[in-house]
Amino acid sequence: MRLHGGRLVALLARTVVGLALLEVVVRLAAGLGLVSLPAGGIAGLDLILHGRDASDEVRLLVPDRHLIQRMRPLVELDYPRTLQLDGRPQRYTVRTNPQGFRGSPFDTAKAPGVFRIVCLGDSSTFGFNVEESDSYPAVLQRLLDESHPGRFEVINLGVPGYSGRQGLELLRRQALALSPDLVTFGFGTNDRFFPAPMTDDALMRFQDSPTGAALYTARALLDRSYVYRLLKRMVDSALPRPKAGGGEKRVTLDGIAENIAEVQTLVSAQGASLLVLNHDLAGTDAVQGMRTGTQRAAVPLLDMQAALLAAKQQRGAALAATLGLPAAPAMPPGRLLVRVHAPGRDAVEMEYERLLRPAQKLALRDDGGGDDQVSGDAVFSGSIAATTGEWFFYHYGAAAPGGPLSEFPRREVFPMKRIQFVPADGVAALDEFADPVYYADSSHTDEAGHRLFAERLRDAVLATPAVQAILAKQPGPLRATASELRSPTARR
């Protein structure tokens, strides 16, 4: 037995020495740039933009046992915009404050007399594709300061990639401590679009369990080893990447409704109000859960998606009036009329697809035949089979004297596609070639869209009973604006 034990000790010793030597070799290879082995936990926006080799320097998100991920505090990162057209900004900057959110630093304690609004949300609230000053929480702050200086403070707690379940947890762990008077809750796309091995709720419950906490800690310790990182890389590379839209959803429809009900319970317990926002521009079925949840909780649902679509229709109508187009023809049930103004193009083709279905193409006409009304007016027209209320993605391609031309530069990451909601009259908004009209990509708004959101939200905020009561009692402004109250220099 002693001999067997001695051999075992020797074997263990050789194994330890071998692993140590392998660790040295792998670290050396990584240091020389022969292999990229960054720390684990790459997920969400970092994984999409930078892949599995994302270095610590370019990452915005880090793992968090309770929230799954969180943003790093005090970082400054430069990102390319999804839509890059001539005359428009090509990049935008993301800076996080000491609390790890986008926007100015804020105090946990609320300034006396200030109505504090906390905006919980995903990348649409965070301000993906726009500067921080153009995100709708920042624009909302300016609008409220214009009408009621010093009376409001808006805090942006939006995190790209977050689901409603993560928003609920962020409310519990951080947002409630800020003593908000009003909470806005805007999630949906991430709840229902991207697949996951398990729901966010199941993952968060597991990581909060003793077993899950131990495994989380063990993974964090192992991740310090480059040999572990190498093995993990090999396993990850062999696994297939899940496709968007399929598999397990991160939050069930019932889960969306339950999250809203729980948020309302927590918020109302502090005497605050809740506004639920629908800015799921990708057109998932998340709105079904939102409607159920807001009805159960008896809280308002502010449909930003519908507001954006209505604004797009108005822009199309204004363009049609400017061009002097005749009224669009009546469409039979099951057909959708599509028109685009494309001056200088010889031919225009539309490529469209329903969610998770193959793309289809349609040659549009400007010859006065078929669905086209006027020959040679640079308005190309056509119709497709479509059901009232459904969604599809589309974009145009054209032939110009110099050759073929796509209206938007193609990108593998977040390609720009227009979104169409089929109206009851079967007539889509008139498009202008290469003008996305409020959209920065297929699921995010541009600066004009954020401004529209902020205006709708301002009106909803000022109409809430709590705000009406406060303004009726104290109609005058405070001495400083809310932004000044957040500034360290203003408090000295």
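Colleague: Over how many bridges do strand β10 (residues 335-341) and β13 pair?

Modeller: This is a predicted model, in which local features need pLDDT of at least 70, side-chain atom pairs count only at pLDDT 80 or more, and totals for chains, interfaces and linings use all residues. Residues are numbered from 1 along each chain as its sequence is written, and side-chain values use heavy atoms, leaving out hydrogens and water. Strands (E, at least two residues) and helices (H or I, at least four) are DSSP runs numbered from the N terminus, and two strands pair if DSSP finds at least two bridges between them. β10 and β13 run in the antiparallel sense, and their bridges number seven.

Colleague: Which residue of β13 stands opposite His341?

Modeller: β10 covers residues 335-341, and β13 covers 379-385. His341 faces Val379.

Colleague: Which strands stand at the edges of the sheet?

Modeller: The sheet is open and mixed, with three strands in the order β13-β10-β17. Each edge strand has a single partner, so one side of it lacks a neighbour in the sheet. The edge strands are β13 (379-385) and β17 (431-432).

Colleague: Are the rings of Tyr136 and Phe453 stacked or edge-to-face?

Modeller: Rings of Phe, Tyr and Trp (its six-membered ring) pair if their centres lie within 6.5 Å; planes under 30 degrees apart are stacked, over 60 edge-to-face, the rest tilted. The structure holds nine aromatic pairs. For Tyr136 and Phe453 the centres are 6.0 Å apart and the planes stand at 70°, so the pair is edge-to-face.

Colleague: How many residues apart are Tyr136 and Phe453?

Modeller: Tyr136 belongs to helix α4 (residues 136-147), and Phe453 belongs to helix α13 (residues 447-463). The pair links distant parts of the chain, with a separation of 317 residues.

Colleague: Does Tyr136 count as buried or exposed?

Modeller: Buried means under 20% relative accessible area, exposed over 50%, partly exposed in between (1.4 Å probe, protein chains only). Phe453, at 2% relative accessibility, counts as buried. Tyr136 comes to 0%, so Tyr136 counts as buried.

Colleague: Which residues have the most contacts inside the largest nonpolar core?

Modeller: A nonpolar core is a set of buried Ala, Val, Leu, Ile, Met, Phe, Trp, Tyr and Cys residues joined through side-chain atoms within 4.5 Å. The largest has 42 residues, and its largest share, five residues, comes from helix α10 (residues 253-269). A second, separate core of 38 residues includes Val139 and Val461. In the largest core, the residues with the most contacts are Leu60, Leu120, Leu157, Leu171 and Leu274.

Colleague: Which ring does the charged end of Arg315 sit over?

Modeller: A charge sits over a ring if NZ of Lys or CZ of Arg is within 6 Å of the ring centre and within 35 degrees of the ring normal. Arg102 lies over the face of Phe126, at 4.9 Å from the ring centre. For Arg315 the distance is 5.6 Å, and the ring is that of Tyr438.

Colleague: Does Ala434 count as buried or partly exposed?

Modeller: Asn129, in the loop between α3 (123-126) and α4, has a positive phi of about 85° although it is not a glycine; at 2% relative accessibility Asn129 counts as buried. Ala434, in the loop between β17 and β18 (439-441), has a positive phi near 70°. Its relative accessibility is 25%, so Ala434 counts as partly exposed.
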